[in-house]
Amino acid sequence: MREPTITDALRARRLLADHLPPTPMWSYPALDAAVGATVLVKHENVQPTGAFKVRGGLTLLAALSPDERARGIVGYSTGNHAQSLAYAAARFGAPCVIVMPADPNPAKAAAVRALGAELVEHGADMTEAAAHAATLADARGMRLVSAGDEPELVAGVATAYLEMFEQAPDLDTVVVPVGGGSGAAAACLAAAAVAPRCRVVAVQAAASPAAHDSWRAGELLTRPNRTRVEGLATGCAFALTQRLMRDGLADFLLVTDEEIAAAQWRMMRDVHTLAEGAGATALAAVLSHRDRVPGDRIGVMCSGGNASPSELRTCTAVSAA
């Protein structure tokens, strides 16, 4: 599998200019005071699907041949990757099937259906959903889209970090949430090309540490997948994203689900932003591990805003505790 290059990311940026405007990045005085540094929040939660992954979906669909688009795609996801593929497939007129584990987030499931994709609920977790997606793709002659091992997905997501470094070229550290790792891999790709002095720090849920443990061990591992944070609920590592993170990450941190919920509340209170758990995870790392996130100017990726009602109740309860 080839690795995406900065040329791929620049090509994706030209493509996406016809589909998506740049997303804003702002600092907030209350947040800066809490951290003791200038924290710039990149608002990918304002994308049309509510998350950064739409960049990758559009880039991947654009790269398919007319025959591949006609046959359609099959993806597996708990939500944001699913919406990305469904949105992109609708834009390019391609059939799309999404497999989610049983009893998915109702809002994300409804969004996938509203975008015109066929939604199949199968399995107790993402491992079982992924296996069923592969079976469906083979049976229907459709293209299976991996959640991590897709160069076009990483190239598309890298456009968010090209924007980030253009908006704030003097960042000391960028903190990126990790499920499968496409965001952190994309940040490494962009930083190496245009901001080589900026550190890229990844962060994952301690209850689902497959990517973290794989990066530290230097080999692909599976781990228990117990986090409540849907966007981080990945039990295995992906070869492509691990290769890119291997050379590009300065550090890889873990945070608890409770720390993520507390960061969600702070995002609502101090940043005036609705963030899903994954979207607040980078901030959770800055707040919980300030000694390992150096610098006076820190970029934080708010990767998505598709929070479920139960998430919002949880972070509200944490704030009241």
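**Close-up views of a predicted protein chain**

**View 1. Phe252 is a buried residue.** Phe252 has a relative accessible area of 0%, so it counts as buried (under 20% relative accessible area, with a 1.4 Å probe and protein chains only; exposed is over 50%, partly exposed in between). The model is predicted: local features need pLDDT of at least 70, side-chain atom pairs count only at pLDDT 80 or more, and totals for chains, interfaces and linings use all residues. Residues are numbered from 1 along each chain as its sequence is written, and side-chain values use heavy atoms, without hydrogens and water.

**View 2. One aromatic pair turns up in a search of the whole structure.** Trp215 and Phe252 form this tilted pair, 6.0 Å centre to centre with 50° between the planes. Rings of Phe, Tyr and Trp (its six-membered ring) pair if their centres lie within 6.5 Å; planes under 30 degrees apart are stacked, over 60 edge-to-face, the rest tilted.

**View 3. The pair links distant parts of the chain.** Trp215 sits in helix 10 (residues 210–217). Phe252 sits in strand 9 (residues 251–255), 37 residues away. Helices (H or I, at least four residues) and strands (E, at least two) are DSSP runs, numbered from the N terminus. Trp215 is also buried, at a relative accessible area of 10%.

View 4. Of its 321 residues, 58% count as buried. Its C-alpha trace spans about 55 × 45 × 35 Å along the principal axes. Among contacts (heavy atoms within 4.5 Å) between residues at least 6 apart in sequence, 73% join residues at least 24 apart.
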